[in-house]
Amino acid sequence: MFAHITSSTPDPIMSLMEAYIQDTHPQKVNLGIGLYYDGQGNIPLMQAVHIAEQRLLEQQRPHTYPPIEGSKLFAGQIQTLLFGEQNPRIATVQSVGGSGALKLGADFIYHYLSGREIWVSDPTWANHWAIFEGAGLKVNTYPYFDDISGQLRFEAMLDTLSALPEGAVVLLHPCCHNPTGTDLSHPQWRAVIDVLQQRRLLPFFDIAYQGFGDGLAEDCFALREVLKTSLDFLVSNSFSKNVALYGQRLGGLSVCCGTAEAADNVKGALKTLIRRSYSCPPTHGSQIVETLLADRQLSQLWASELAAMRQRIKQMRVSLSAGLEQGGTTLDYARIRDQKGMFSYTGLNGQQVSQLRQQYSIYLVAPGRMCLPGLNQHNLDYVTAAILDVTRPA
């Protein structure tokens, strides 16, 4: 029955992780997959998360089914984090990670809206293509980043958005753009939102790295600006990175509607899609975050831990950039310093990325996306020297 199935193309990021694990080089460095590592190279268990989890264990709750849409308390907390307050015009449901929120949003677009297309930035996270195409949507691109100059293609982006048909769905990154680390400024966001309004487009915001750019509230500028308009929009969010709950697969999908009645109807549609798929979400991760956010002191502890993580990444950016500048690199080191979030589109080409892996066991995602949290004081000089070597003029 299955003999006709041919071999599948490995996921480029996950297969890179597998190759890294198998590598026996004593100085190997993982700058590929989007994980936050602390200064010792470990994935942290945040203290606020640990305390919240201990409280849950002490309560000895039974592991019963949650509602199809997940916890009502958790949904309200998501809205407060993203929008500053809860809003009856927003339908929010728990999802299986940020990826699950994207898939649920894609299914909603396919089954309930007339258009079955979406426009994503060029470049964007590779899995955006897989998720949206897997849901039956046609994926198109709009200009975003020039890897040669290291600059936004902002005017070209606006021109493309201005030519889209009414109702077209546009995927946007509110902060910490993946993979480039290059974000829009506040004036640029206002200009984009003006075009979205004029053309009556449907924005779909993917905020997977809230808190890693400028701050928990600051990273939601675009969301809170578009909420002031009459636009409908979707938001997928994730707690994998900013609460370091990767394996709990915890996220949410929020859909802002014109009225509270419309939001109730949309939530019903989302519940139908969830029931057809995974029936209801897991509970442990959401209960951890519920406990954390419901306690003022724990919430403040989490925010301070997240701020320390953000500052460590920024320090690695500054240190690597300074080392490359001092070494006389031909690489555009300033972009590494100035970009935001976990990632940098370094400007390294495919050959140089291959050299770093083969000669130094330093792993980056082609064509040069670097995950900055993989750097620390123990490997920074080694990585700097390796990059200087592979970028040295022939």
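A: Met-1, Phe-2 and Ile-5 make a nonpolar surface patch of about 470 Å². A patch is built from residues with over 30% relative accessible area and no salt bridge, where like charges are joined within 9 Å and nonpolar side chains (Val, Leu, Ile, Met, Phe, Trp, Tyr) within 5 Å. The areas come from the Shrake-Rupley method with a 1.4 Å probe, and for residues only the protein chains shown count as cover. Bear in mind that this is a predicted model, in which local features need pLDDT of at least 70 and side-chain atom pairs count only at pLDDT 80 or more, while totals for chains, interfaces and linings use all residues. Residues are numbered from 1 along each chain as its sequence is written, and side-chain values use heavy atoms, with hydrogens and water left out.

Helices (H or I, at least four residues) and strands (E, at least two) are DSSP runs numbered from the N terminus. With 89% relative accessibility, Met-1 is classed as exposed; the classes are buried under 20% relative accessible area, exposed over 50% and partly exposed in between (1.4 Å probe, protein chains only).

The largest nonpolar core has 101 residues, and Trp-302 and Ile-362 have the most contacts inside it. Such a core is a set of buried Ala, Val, Leu, Ile, Met, Phe, Trp, Tyr and Cys residues joined through side-chain atoms within 4.5 Å. Helix α11 (residues 296-326) gives the most to this core, with 8 residues. Leaving out residues up to four places away in sequence, Trp-302 touches Met-46, Ala-48, Leu-81, Leu-216, Asn-242, Val-243, Leu-292 and Leu-293, where contact means heavy atoms within 4.5 Å. There is also a second, separate core of 29 residues, with Ile-118, Leu-171, Leu-234 and Cys-257 among them.

As a reminder, an α-helix has 3.6 residues a turn, so residues three or four places apart point the same way. Just after α5, Gly-136 adopts a positive phi of about 100°.

Phe-145, in strand β5 (residues 145-146), is buried at 6% relative accessibility. Its C-alpha atom is 21 Å from that of Ala-130, 15 residues apart along the chain. Beyond neighbours within four places in sequence, the contacts of Phe-145 include Thr-180, Arg-335 and Gln-339. Ser-344 lies in strand β11 (residues 343-345) and is buried at 0% relative accessibility. With residues up to four places away in sequence set aside, Ser-344 touches residues including Thr-180, Arg-335 and Gln-339.

Finally, the charged pairs. A salt bridge here is a side-chain nitrogen of Lys or Arg within 4 Å of a carboxyl oxygen of Asp or Glu, and the count by this rule is 11. In one of them, Asp-107 pairs with Lys-103, the closest N and O atoms being 2.8 Å apart. Being 4 residues apart in helix α4, Asp-107 and Lys-103 are separated by about one helical turn. Asp-107 is buried at 14% relative accessibility, whereas Lys-103 is partly exposed at 35%.

Arg-200 bridges to Glu-166, with the closest N and O atoms 3.5 Å apart. Arg-200 lies in the loop between α7 (186-199) and β8, and Glu-166 in the loop between α6 (154-162) and β7, so the pair ties together parts 34 residues apart in sequence. Arg-200 is exposed at 55% relative accessible area, and Glu-166 is exposed at 59%.

Asp-214 and Lys-340 meet in a salt bridge at 2.7 Å, N to O. This pair links distant parts of the chain, 126 residues apart: Asp-214 is in the loop between β8 and α8 (221-226), Lys-340 in the loop between α12 (333-338) and β11. Asp-214 is partly exposed at 36% relative accessibility, and Lys-340 is partly exposed at 29%. To finish, Asp-147, Asp-332 and Arg-335 are linked in a network of salt bridges.
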